[in-house]
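Please keep the sequence and the structure in view while reading.

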Amino acid sequence: MKIGVLVSEGPYTHQAVDSAYKFVTAAIAAGHEVPRVFFYHDGVNVATRLSVPPQDERNIQQNWTALAKEHNVDLVVCIAAAQRRGMLDANEAERQGKDANNIAEGFRISGLGQLIEMGIQTDRLVTFGD
Amino acid sequence: MSDVKKFLYVNRRAPYGTIYALESLEVVLIGAAFEQDVSLAFLDDGVFQLTKGQNTDGIGVKNFSPTFRALGDYDVQKLFVERESLEERGLSEDDLIEVVYEDEDDDWEEKPAIRVISRAEMADAMADADVVLSF
């Protein structure tokens, strides 16, 4: 089965993004396809490569980046939600005249249309939120 | 597009205090361009999103409730509001803004998009949807 995933709560504050990670890992292990995960609301904060959690804690961003690389999962961060929260890739930083960018490898910034498209193209859309 | 799916956007939270309601509406507006079968559901504190006379002057946040009235122009024709949620909050249909759409199958007559339905009917609407996005 083709499964799309929406993450709508932020990392470390809320269980949603951890549950989504475990779900995607388990779904792929069970033979399902997860072509895309869409990050919305505070979920976009997962994509910062500047997060430095204590060493004895999980690194949520790095876990997702590794998962994306290993299983070719498209990790999409909503551009409107990202811009509000200071999440910029190199192109957006330049366009907006900002002096830094922070999007980690494996993530890309794109529009809400990617969420709708995911809903159309997958058999199930599973939301992890509050 | 041949495969039109039924999208149901479920709004459960008050319009202000958190960003969920505003960012939900942003998804609806973008999603309208994809020519899917779109419905919105309002329940729990989400029913406050459609109340008349919202004034956000005191909280420094934009009042986005007028945008709901434009949904008809985006061909969004079904806004389901749960009757029990209204009643539990001392509200009735009279407290809600008017949202209309033009019915292309009926000489473009303006019709109300808001439909107050029971909790049981809301469950049916959710079961009937292909994609449920809950905010």
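A nonpolar core is a set of buried Ala, Val, Leu, Ile, Met, Phe, Trp, Tyr and Cys residues joined through C-beta atoms within 7 Å. The model shown here is predicted. Its largest nonpolar core has 66 residues. Those that touch the most other members are Val7(A), Phe39(A), Val44(A), Val77(A) and Tyr9(B). In soluble globular proteins, nonpolar side chains tend to be buried together.

Leaving aside residues up to four places away in sequence, Val7(A) touches Ala16(A), Val17(A), Ala20(A), Val37(A), Phe39(A), Gly43(A), Val46(A) and Phe128(A).

The helices of chain A come next. Two packed helices are described by the angle between their axes and the distance between the axes. Helix α1 of chain A spans residues 16–29 and helix α2 of chain A spans residues 60–71; their axes come within 11 Å and cross at roughly 20°. Angles under 35 degrees count as roughly parallel, and α1(A) and α2(A) are therefore roughly parallel to each other. The crossing in which α1(A) passes α2(A) is left-handed. On the α1(A) side, the contact is made by Val17(A), Tyr21(A), Val24(A), Thr25(A) and Ile28(A). On the α2(A) side, the residues are Ile60(A), Asn63(A), Trp64(A), Leu67(A) and His71(A). By type, the residues of this contact between α1(A) and α2(A) are 7 nonpolar, 3 polar and no charged.

Ala27(A) also belongs to helix α1 of chain A. Is Ala27(A) buried, exposed or partly exposed? Because 18 other C-beta atoms lie within 10 Å, Ala27(A) is partly exposed; a buried residue would need 20 or more. Beyond residues up to four places away in sequence, Ala27(A) touches Ile3(A), His32(A) and Val34(A). Met1(A) is 26 residues from Ala27(A) in sequence, and the two are 9.1 Å apart in space, C-alpha to C-alpha.

Most residues other than glycine have a negative phi, and most peptide bonds are trans. Asn72(A), however, has a positive phi, near 55°. Asn72(A) counts as exposed because it has 11 C-beta neighbours inside 10 Å.

Where do the two chains meet? Contact involves 14 residues of chain A and 14 residues of chain B. On the side of chain A that touches chain B, α3 (79–84), α5 (113–121) and β5 (124–128) each supply at least two residues. The largest share, 5 residues, comes from α5(A). This side of chain A divides into 8 nonpolar residues, 6 polar and no charged.

Ala125(B) lies in helix α4 of chain B, residues 119–128. Because Ala125(B) has 19 C-beta neighbours inside 10 Å, it counts as partly exposed. Not counting residues up to four places away in sequence, Ala125(B) touches Leu8(B), Ser39(B), Ala41(B) and Phe80(B). Trp108(B) is in the loop between β4 (100–103) and β5 (109–112) of chain B. The phi of Trp108(B) is positive, near 55°, in a residue other than glycine. With 10 other C-beta atoms within 10 Å, Trp108(B) is exposed.

Methods: Residues numbered from 1 in each chain as written. Chains lettered and ligands numbered in written order. Predicted model: local features only at pLDDT ≥ 70, side-chain atom pairs only at ≥ 80, totals over all residues. Buried ≥ 20, exposed ≤ 12 C-beta atoms within 10 Å, placed from the backbone. Contact = placed C-beta atoms within 7 Å. Axes fitted to C-alpha atoms, helices over the stretch in contact; angles between N-to-C directions. Helix = DSSP H or I, 4+ residues; strand = E, 2+ residues; numbered from the N terminus. Parallel < 35°, antiparallel > 145°, perpendicular 65-115°, else oblique. Left-handed = near helix turned anticlockwise from the far one by under 90°. Nonpolar A, V, L, I, M, F, W, Y, C, P; charged D, E, K, R; others polar.
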